[in-house]
Each structure stands twice: as C-alpha cells, then as structure tokens.
Amino acid sequence: MSAREENILMAHGSGGIATHRLVKDLFLPLLQNPVIEALDDAASLEIEGRRLFFTTDSFVVTPLVFPGGDIGKLSVCGTINDLAVCGAEPLYLSCSLIMEEGLSMAVLRKVMESLARTALDAGVPVVTGDTKVVEKGHADGLFITTSGIGIKRGHQPTGAIEAGDAVIISGTLGDHGVAVLSAREDLALESPITSDCAPLHRMTAGLLSGCEGVRFMRDPTRGGLATTANELVEGMHFGIKFRESAIPIKASVEAVCDLLGFDPLYLANEGKILVIIDSAEAQKALEALQSFPEGKDAAVIGEVTADHPGRVVIETAIGGTRILDMLAGEQLPRIC
C-alpha cells in the first residue's frame, strides 16, 4: 500500500478499485481458502451432500429512509439478491442492529416494520439476530448487517463465458443512487425518482428455469454496472463491449447526473441484475425477465468480445468508443 493508503479512506467502501485492492491485497491472503477466493456474492458450500449458499452484507445508508425504500428494506433485499444471483433459493435471514444512542424510537419502528414486511412478502423469514447500542457520535443512527442462507434448486449460472455471449441488464440504471442523493440533499425534482430496491429471487428463478445458457448473474450495486463488468473481465481472455444507446437510463436520472457530474454507469443499483447468456437464448431471456415487474425494462446492452481481453469498452451514441474502468475514488458514499 502507498503512504496515502495507510489509513482507510471512504473510497475503500465504494465497491470500486480501492475496495477491490483492499480485498485482494489484504483480506484474501489472510483468510486463505478457495471458497472466499472465488469472490462470488455468496459462498457455495457442500455440506453433507447438499449444496448450500451463505452470504452476509452490511448497510450504512444515509438518510435511513429515502424515496422507494429505507435501510430495513434495503438490508433484506440486498442479502436475498446476493443469494439469488448465485442461482440459490433464499431460505432464512439473520439481522444484526447497531443502534446509536439517541436514535428515534419512531424511526426504528418504521425501519423494522419495513424490514419485516419485505421479508414476509419475499417469503424469506428473519430467524435470528442481535442488537447493540453505541454511544452518541459513534455511529450514524443505525447500521444493519443481514446474513442469509439458501439452497441449490434447479439450474445455476455455468460461469462458462464465451466471446459472442449477450449481455443483458434487467432495467434502468442509477435509480437507487439518485433517489438516496435526492433525499440526502433535499433536491426538489420535478419527477421524483424512487429507489429500485427490490428482492429479485423470483425473477432470477424464472430466468434460470425458462432459459438455458445463463453463464453469469450479478447485481451491480456499489460501483455500478461499469465496476461489476470490470470485475468480471479482469484477467480473462475476453472483454465486454456495451452499446451506450441500448443502456436503459431514465431521463430524470440522466438529468440529475448531468447536473451534478455523476456517471450513472457507476451509481449503485439495488434491484437490477447483469446477465451474461448464450446469444441464442438472449431473446428468450429478455421475455423471461420482462414477465416480472422488476424486469419490465430489461434490454440487451452489449456482448462479450475477444477483441480486447480484460477490458470493458462502450460504443458511444455518436459512434466513438471509450474504455470503462473500475470506479476510482468514491462517486457517492453511504448509499447502500
């Protein structure tokens, strides 16, 4: 690490290149096991002949309540989705709360009611948990950590990505990041933008049961679509080429990003999946995703290519091409 990196920076939590280096240079060499080194969204474990999936995630969003969601709903959806993109059926959740002295009991009740309702609607109950309270000034109201366990049922992504495969996104990008930003900065938007925060396990199960040739799925949360794609191609014999004109982004999200200097390709999403699939199955996959409310705006946005291995490029709307790197620094902190 450089002298600048002797202390943790906000960028280490961005999900971008600083997070990537922290995990690869510090955590993995210490933890040393092939399960975590796979760097999947959930650990795949063989236990007494059954394939189980196990994941954990912490949520530190501010404000705690934002258009379309809150930290309770976010924590349930995020953990369910980490299991779902591995092809697992989520079964049970745990929930750990770190509450700051002075947190409003009304806010805590609202968040917990939302958390409970989301878990109930998803059919994935919270079955264990923990609570801690820290002194005022030692947290930011409320932090939540959720863990989840799931089981293998039906098909899973094969991981066998090849040049020519189609790249699909299940809906519009940047909604969650801009929704949180608008609440944090109290932006008066003509068209209010709500977070896409949603559990996606039913949609991913429908995709896997209806289509063959699904190679890869991941929810592009921290670091957004650009960082997720870069993580996928790093060190590989293939690259990815996006078509800018095909990427679905709401006009209202683009307007906010243009005004404030954000790139929606790097903003976090909490209700979208990136899918790599055999191009022959792309149309069937689109129809499967679009049959669910969460996937109604699904689109083919590019392809896997052998032309620039290890790189992600985007064909711009005016016909040029530019490289998309991992997120450097922190574009928008504390949003998930």
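Buried means under 20% relative accessible area, exposed over 50%, and partly exposed in between, with a 1.4 Å probe and protein chains only. This is a predicted model, where local features need pLDDT of at least 70, side-chain atom pairs count only at pLDDT 80 or more, and totals for chains, interfaces and linings use all residues. Residues are numbered from 1 along each chain as its sequence is written, and side-chain values use heavy atoms, with hydrogens and water left out.

Start with the backbone. Most residues other than glycine have a negative phi, and most peptide bonds are trans. Q32 has a positive phi, near 45°. Its relative accessibility is 59%, so Q32 counts as exposed. Q32 sits in the loop between α1 (17-31) and α2 (34-37); helices here are DSSP runs of H or I, at least four residues, and strands are runs of E, at least two, numbered from the N terminus.

D186 is not a glycine either, and its phi is positive at about 55°. D186 lies in the loop between α5 (175-184) and α6, and is exposed at 68% relative accessible area.

Which peptide bond is cis? The one from T62 to P63, with omega near 0°. P63 is in the loop between β2 (50-59) and β3 (65-66).

Now the helix pair. Helix α6 (residues 201-210) packs with helix α9 (residues 282-290) at about 150°, axes 9 Å apart. Axes are lines fitted to C-alpha atoms, for helices over the stretch in contact, and angles run from 0 to 180 degrees between N-to-C directions. In α6, M203, G206, L207 and G210 meet K284, A285, A288 and L289 of α9, contact being heavy atoms within 4.5 Å.
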